[in-house]
Amino acid sequence: MKEWIIAVLPGDGIGPEVTAEAERVLEAVAERFGLGFATGCYAVGAAGVETAGDPLPEETRAAASAADAVLLGAVGDPAFDHAPRHLKPETGLLALRTLLGVYANLRPVAIHPALAGRSPVKPDRLRDVDLLIVRELTGGLYYGEPRGKNALQALNTLAYSTSEIERVARVAFQAARGRRRLVASVDKANVLEVSQLWRETVTRIGRDEYPDVRLEHLYVDYAAMRLVAEPASFDVLLTENTFGDILSDEAAVLVGALGLLPSASLGAGPGLFEPIHGSAPGIAGQGVANPIGAIASVAMLLRHGLGLAQPADAVEAAVRAALAGGARTKDIAAPGEPVLGTRAMGDRIVDLVGSAALEIRHGSEARARDQARVLREHP
Ligand code: IPM
Ligand code: MN
């Protein structure tokens, strides 16, 4: 049996609690689908600084590079707010993204019907919301040189090359082909030269390579407005690193809680899979965090990282079934609804992976039988 190697980087704050549940779901999937996963845990972020004096310790680098996929919890700790940049937890995450070369960050946002009432956005606006943010992840302001700060001034650099824009644009167009074939590219081309190059490059890739995908360009300020005013009008939203960071938190408001959303960061090597929420130091260690973002990241890991579509479907079906059955952590519970802790929510989903797996396997066997019958009857 093939054994997939998964590097687990729990990180800081609620990271360890939510990745523990995600790992249990992975074990349940392994059992139900007869898969083998070898997982190992490594420090990142503040945990890395505390154990090895480095937010991305050498051992973690080596394990992440050698893995088939990397599952990360969260990084960030207010105790390091004033630490020098090389010792900040976030520096470890940015270095990890560079190390793995994961330039395309996919952040899907779909409304769960059972939770439509939890969003501050009116339910009629949320109907049919199903969008995918494709955020460039290894360039832009986060990485631009020169950079620096002294008492009198500070400097960051926004730079993108055409090849950086082309490769992430292709990911967005490709994803749109499997969806509603609509890409909205977000920039600030009325002000920024970098955005002008972004717009020209995306236009060229769309015209030359994906003429079947409809492309529109939006300024980021208008995109921010339309994301809450008409969220269902978006299919794939393509944007650079900083704009994507901001718009993805805004998009999380649509689903009602940051704790629900997963992400996949993809490049040429192992992918990096993490919930989009942060380390939430305010609730860390209390066992109340929502593990669904991390668990849904396992589904993305299976689908995009390992090419295991059915196990991924089973995890997503189990999450949907848990929510439909009324399972709620504190962040998504309506007033008066009973609340589950992190572990209890994990338990519900682990239990449901079994039946979801059965249904999916039966469904695919039935489809295969149908196909065989059709072929027999209409050779
Ligand atoms: C995210 C986070 C990170 C980012 C931080 C922790 C550096 O906010 O993944 O969205 O800005 O990319
Ligand atoms: Mn963010």
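User: What covers the buried residues of helix α8?

Analyst: The cover includes β5, β8 (182-187), β9 (214-219), β10 (236-239) and α9 (241-255). Contact means heavy atoms within 4.5 Å, and buried means under 20% relative accessible area, exposed over 50%, partly exposed in between (1.4 Å probe, protein chains only). Helices (H or I, at least four residues) and strands (E, at least two) are DSSP runs, numbered from the N terminus. This is a predicted model, in which local features need pLDDT of at least 70, side-chain atom pairs count only at pLDDT 80 or more, and totals for chains, interfaces and linings use all residues. Residues are numbered from 1 along each chain as its sequence is written, chains are lettered from A and ligands numbered from 1 in the order in which they are written, and side-chain values use heavy atoms, with hydrogens and water left out.

User: Which residues of α8 are buried?

Analyst: In α8 (residues 220-229), they are V220, A223, R226 and L227. These four lie on the same side of α8, because they cover an arc of only 115° around the axis. The arc is taken from the directions from the helix axis to the C-beta atoms.

User: How far from an oxygen atom of ligand 1 is an N or O atom in the side chain of Y142?

Analyst: A polar contact is a pair of N or O atoms within 3.5 Å; within protein, one must be able to donate a hydrogen and the other to accept it, and residues adjacent in sequence count only if both atoms are side-chain atoms. For Y142 the distance is 2.5 Å. For R97 it is 2.7 Å, and for R107 it is 2.9 Å.

User: Is R135 buried or exposed?

Analyst: R135 is buried, because its relative accessibility is 2%. R135 belongs to strand β5 (residues 130-136), and its side chain makes a polar contact of 3.2 Å with that of Y142.

User: Where is P146?

Analyst: P146 is in the loop between β5 and β6 (148-149). A cis peptide bond, with omega about 0°, joins E145 to P146.
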